[in-house]
Amino acid sequence: MTTIDSSSKKDDRSHLLVEKDQNKQTVALPPKKVMASKLAAAAAAAAAAAAAASSLQKQSTQNQAQATITSSLAVTTTSTTSNTTKTTSSYTSTSSNMSSKTGPSGQLAESTVTKRRLSNSVVDNTREKKVARDKTLQSKPGKSITHSDRVVQAEISQYRPYFTEPDSDNPNGAAPTHKEKNLRVVLEYPGSIEPENFLLLKPVVKNATGKYDEEEEDQDEYNPITDLMRTAEFIYDCYLTPEEQKLLGNQSHGIMRNLTKYRNRRNGAGFAQAIKEFNKVMRQLKADGVLAKNAKDMCHPNYDLACHILFQVYSRTVARQADALNNYQAFSNNVYGEINPILVKDFITKTGVNSRSVFMDLGCGIGNVVLQVAAQTGCEAYGIEIMETPCKFAKRQLKEYAARMKAWRLPTGKIHFRHGDFLDVAANDLYSTLKRSDVLLVNNYAFDAATNQALAQLFLDLKEGTKIISLKSFVPKHHKINQRTLNMPESILRVEEFEYYSEAVSWTNNGGQYYIGTVDRSRLAPYFEEMYGR
């Protein structure tokens, strides 16, 4: 009674609280009515509990009687029949949990057989589930690329139809429909990833009044038609042997000719048909294993293909938010600037980075250099960036890069990005990586003297032969090794100066110099021998 009464109090109080909240005033029943209501609720609850207990007791009695009858029937059947009776008794004992280790030997044997049968069925079910799970995992798509049509749809106001001309091969052909003007196609890649969706419109420029021109194409914005054409050309040039290229023709005849012809004539129907034929050949070559073999033989993309893949990555991840990269303090160590691909190519050649190398970019920005070096060489590559926005873009690019390289059936290399201060590599779990690095890149063009000096102190922990690429030399021109400078980081670096030309960096169109310092402690040996007489 106490429990029921307490529950009733809680129910009653909650009812009043609700009414108070709804009406903003207290609404209470007269005391006598409240007590009568509580007593009635208690009586009803007690009656319900008694009825439930009675029902449970009856059910228990019935179950016991049924078990007794079943047991009696099992014993009788066992005494009058043979093997069939034993099996029935065994199943009966198992189902009613009445089997015992001390039971008849026949019952134990049959019970064991039954258990073995059940065990086998469980194993079979487990195997079936595992196979089904494996099939499900295999059927799930891997990392998906960001499709071209999403880039266009995001900025649809600045795009206009490109395929606006009727079929010139059919003089009686009608003008293209709205659907044909807003042409959508898919393109097969060498990898097993899904085809990419393209919405083939052209970007247009704004005129003096702020409105978009219907005809003048914007050369600085993403053009899906150019992207598709270049992708098809790279597949043709890099993934097919001369014999296999015959399936697609060339610029004089066949599918490749039709792609160029119908693109130039702005004929949407002809262009779409050429893409379908291209995809059909691609699917057949993939099914025959030709593209997989050729990609394996290629191993890593050449410079031009790597640049195209990285262009695809950048256009789908960073391009639309690129203005956010300009939010930095002028003339500070955080001034943002990118080294362009043509100069990165030179870095790779001069330092000899390969698939066994460890490359590290201190101040990696949005990660372009790290991705290019990893793509072209397959090396282990690291980037660390102190500014949050560029580092966020770098990680976004890495995700798209991994999916793109899979689409192109190419290895990615091992790539890692960290958000943090490169002067505190220990806090960013990169100290051990720094010590085993083969090539370091430091774009220190805008760094002050204090930052450059602090960076130079890190070089004391580098292994012999490590190469350091920089836009400013860490060793003054008139630096000399003597007893006073023996322990300075500048003394272990052997520096070479190289020249870069216009458009090699993002902050100027002019040329300039870059430096490669090589850790070479052997230069100090004569001085130590002189000091210690060895």
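This is a predicted model: local features need pLDDT of at least 70, side-chain atom pairs count only at pLDDT 80 or more; totals for chains, interfaces and linings use all residues.

Residues are numbered from 1 along each chain as its sequence is written, and side-chain values use heavy atoms, with hydrogens and water left out.

Helix α14 covers residues 368-377 and helix α15 residues 388-407, and the two pack at an angle of about 25° with their axes 11 Å apart. The axes are lines fitted to C-alpha atoms, for helices over the stretch in contact, and angles run from 0 to 180 degrees between N-to-C directions. Helices (H or I, at least four residues) and strands (E, at least two) are DSSP runs, numbered from the N terminus. α14 and α15 are therefore roughly parallel to each other, the cut-offs being under 35 degrees for roughly parallel, over 145 for roughly antiparallel, 65 to 115 for roughly perpendicular, and oblique for the rest. In the contact (heavy atoms within 4.5 Å), Asn368, Leu371, Ala374 and Ala375 of α14 meet Gln397, Leu398, Tyr401 and Met405 of α15. By class, this contact has 6 nonpolar, 2 polar and no charged residues, where Ala, Val, Leu, Ile, Met, Phe, Trp, Tyr, Cys and Pro count as nonpolar, Asp, Glu, Lys and Arg as charged, and the others, Gly among them, as polar.

Now a second pair: the axes of α9 (residues 254-264) and α10 (residues 268-287) come within 8 Å and cross at roughly 155°. That makes α9 roughly antiparallel to α10, and the crossing is left-handed. The contact of α9 with α10 has 9 nonpolar, 2 polar and 2 charged residues.

On a 1 Å grid over the protein atoms alone, a pocket is an open set with protein on both sides within 12 Å along at least five of seven lines, a cavity is a set of points where a 1.4 Å probe fits but cannot get out, and lining residues have an atom within 4 Å of a point. The largest share of the pocket lining, 7 residues, comes from α12, and the lining divides into 15 nonpolar, 11 polar and 9 charged residues.

And what lines the largest cavity? Ile468, Ser470, Ser473, Phe474, Leu493, Val495, Tyr515, Ile516 and Gly517 do, and β11 gives the most, with 3 residues. The lining of this cavity has 6 nonpolar, 3 polar and no charged residues.

Conventions:
A crossing is left-handed if the near helix is turned anticlockwise from the far one by less than a right angle, and right-handed if clockwise.
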